[in-house]
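The sequence and the model come first.

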Amino acid sequence: MRQTLQHYKPRIIYLAAYTLCLIFAPVILGGLLRHDIFLWRQWWFYLPLFILGIIGSLCKAKARNLIFLFQMPAALYSTFGMTLFWLFTDYSHYTVTVMLLYCVFFVLWHTRFHSIVSPWQMAGAFLGGMLYLFFCPKLGYGYDWHTFIRIAEPDIPAHIVCLSGILLATLLCQTRHKAARAGMTVVVCAYAFIGGFHLAPTLSHLIRYGTATGRMEKQTTFVIRHPDSTVSSAPEGYHAYLVTDYFDIWKIKKYEGLAAMFRGRPVRFSILAVQRHPRQAENLVSQYQTLHVRMPLYFIRAEQLETSPLATRSGDSFICIFKNDTLIFNGESDPTSRAARFLSKELQP
Amino acid sequence: MNTIFKNSVLIILSLSLTACVRENTSLPYIERVYQEALKLHREGNLNDALFHYQLTALLCQYNPEDSLTFWWKGMCGQGGIWLQKNFTGDAEKDFRAVLEFARRHRLDTAEYTACRQLTDIALQRQEYHRAYGYNRRALQIAEEKGYPADLTKGLEEEAALAQSAQLLAQGQALPEALHRRLAHLAADTSALWKRQILALRLLALQDTSYLPTYLRMQDEYWTTRFRTFMDEAEREKKGLIAERDAIAAGQKHTLFIALTLFALLLGGGLYAVASHRRKHELEHVRFLLSQKEQAIQILEGQQEDTERLRRQISEKEKRMEELAQRERKLQELSSLAQGKEKDLARFSRLTREIDELRHRIEQKQLEWKEKEAQIRRHHLYDLPISHRLPVADNPHQPRKEDFDGLLANKERQMEFLQEMDRCFNRFAAGLKVLTPGLTDEEAVYCCLFRLNVRPTDIAVLMATSRSNVSKRRIRIENKLSFNCSTTKDHTVQGMPKC
């Protein structure tokens, strides 16, 4: 009897720890921090992981270790998503923190279990877990591929940076020489900051707007409609448009702030509202009046926007800047810093 | 150290988690935003209040059921702020939008509020006809609804002003009661300054004696208003600077917390790694020590084995020397033996011949024994009783009738025993001597067994049954075995085996 208990003890401990990690965020932390207890709502995400854990309890120590590691990205993401990540308003900070957390966790895990699993096996399991975390919502919410890519688009660069960071951490674990290890540590930390503050936003911008810096040069002629239904083409000189299909107060205020920054400079700021259906114009005008926006409002039909060079992969609002009939900038509307930098450079005497 | 570190980490984590606890509120988001706007408005933070009023109004567009409650409130709040900021045009737009909305949805309170504000704006803009219209509508709603006093406060003054303005605009003289009312309002220092000036202006239009007072009051009002604007602008500027500083401080705070947490995590990680490595190194040293101990034990064992081997080798060397000596002796003996080899061959030939002769003698002895037994038996078969015994080697081959009941009586048994004694060297008598309890009949049975007579034939000879013969045989064997054990050394040749 005692021998049987001794035999099953590691498996029981494993299963208990695995289950605790799995339900810690969605049940315990969610309840303690007065968030929603979302385990039952997202059963399609947690149930396969739980079944995998049970299967793991029947396997050998190495397989158990790898299965445990497979679920760790999900556990870390949900735990820190409810605690630490609330502190960060900027996506760059989030990317840096997530990557560093993942790398630190990976190295610690390797330090503890290097005798059982090799770093590359660990990296495989961990990256598998990250991919599961990324792709599972597609199956769970039943999105089609296009919708999923559109929704997941902002997360893709952060995931790419984190995945490459884990690979660097694996190399760090693989390194034996002390000096090389110290060097790799510096490389991983530097990569986390470069990736978070520069690489991920650039990549995101490239995916969404087709340009890494925002700068572009495309000849374009498109017709804009005024609220009084008169039609005109783009005016001469520098003019910036906030292209949007709804009035988000934060984005409008930030855009107004951008316009205030360049008051008195030879650039005109306008709002180009995308009209997807006939009644939308009325709603947009109402919102425009409610917010007392002090810049012109124009309309463009959605079909026309799709066929114009302004079309982006992003379904969100964006800022585009024209110089006469040439589109010279296309970028995000929140934050407006990229557009401000671009305009400052462009308007330099 | 380890415990302190762990406790510190736990405390920091608990504090961090406490900071992440969500506020428990049952109010819907839109209502919270509106309440925040009212609070900011009361505090005099007009810009943020305006933002929150606008947010309330925008949110209503996504929640149509809330728009009847909050949209017009948000718009009225926003209009009020525009009025305070002296953006009368914006304020009028907002209140007109509310008025249209209220008429479309039959919201009397909203219409009443908008009408009163629009009356005020129209009086300021000297659009007296519209002011009168808005005021009449506000009065009508107030009468129908019977609003409490705090909601209708100043309504009568507005009515007097609007009515007077309407009459004057039409070029009519003011009635005495209305004139008195205006004069009272102009002299009332507790009334709103704007209304006081408006009353003075209206009075001045009819009576020029009010003109200097009106001009003085107007001058004072705008001076004060300008100063207030300047003060407000300054306050707003300071507020914005303070807000910017607060945001910067907040960002610094966040950065500090993030850096602290990161440093803690990194430190914790490094500490854990170092601790683990220390532990690992200790284990490694222990492992090396145990390996060395094992190696020493093995070497000691090997040393003992070496000594033992050395001893064995020395012993073997001694034996080798002895063997060499023996070999030398053997060589000497063999050299001696070579001379006597011929004698040895002859001797061995003779020995072989002796052995052959001995073998032949033994065979002859056996033949003689057999011959003797045969002669004795043939002699027995020639005697009168034994002549009829049914035995295979009996040359007379008696029939059953010849030996049926042959030994059944005592006399014949005795004769048979005498014949056996005569032919087999006192066999029966010897049996009796060796086995004192043996009867004559039992001795007969023994003799018959000795002669290998079949039990069936013995039964016929003794005139008894086959089973009786078997029983008697067992009994005799018991007797003989008992006696045989006592007189083992005095066995008589020819007796049946025990």
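Seven residues of domain 1 of chain A and 11 residues of domain 2 of chain A make the contact, where contact means heavy atoms within 4.5 Å. About 810 Å² is buried between these two domains, with 49% of that area from carbon and sulfur atoms. Buried area is the accessible area (1.4 Å probe) that two parts lose on being put together, summed over both. On the side of domain 1 of chain A, His205(A), Arg208(A) and Tyr209(A) supply 69% of the area buried against domain 2 of chain A, more than any other three residues.

The model is predicted: local features need pLDDT of at least 70, side-chain atom pairs count only at pLDDT 80 or more, and totals for chains, interfaces and linings use all residues. Residues are numbered from 1 along each chain as its sequence is written, chains are lettered from A and ligands numbered from 1 in the order in which they are written, and side-chain values use heavy atoms, without hydrogens and water.

## Helix H10 of chain B

Helices here are DSSP runs (H or I, at least four residues), numbered from the N terminus. H10(B) covers residues 176-187. Its 12 residues reach 16 Å from first C-alpha to last, close to the 16 Å expected at 1.5 Å a residue. That expected span is 1.5 Å times one less than the number of residues.

Which residues of H10(B) are buried? They are Leu178(B), His179(B), Leu182(B), Leu185(B) and Ala186(B). They lie on the same side of H10(B) because they cover an arc of only 125° around the axis. The arc is taken from the directions from the helix axis to the C-beta atoms. Buried means under 20% relative accessible area, exposed over 50% (1.4 Å probe, protein chains only).

The buried residues pack against helix H9 (155-169) and helix H11 (193-206) of chain B. The face turned away from the buried side carries the exposed residues Glu176(B), Ala177(B), Arg180(B), His184(B) and Ala187(B).

## Gln166 in helix H9

Gln166(B) lies in helix H9 of chain B. Gln166(B) is buried, with a relative accessible area of 8%. Leaving out residues up to four places away in sequence, Gln166(B) touches Tyr128(B), His129(B) and Tyr132(B).

Conventions
Helices (H or I, at least four residues) and strands (E, at least two) are DSSP runs, numbered from the N terminus.
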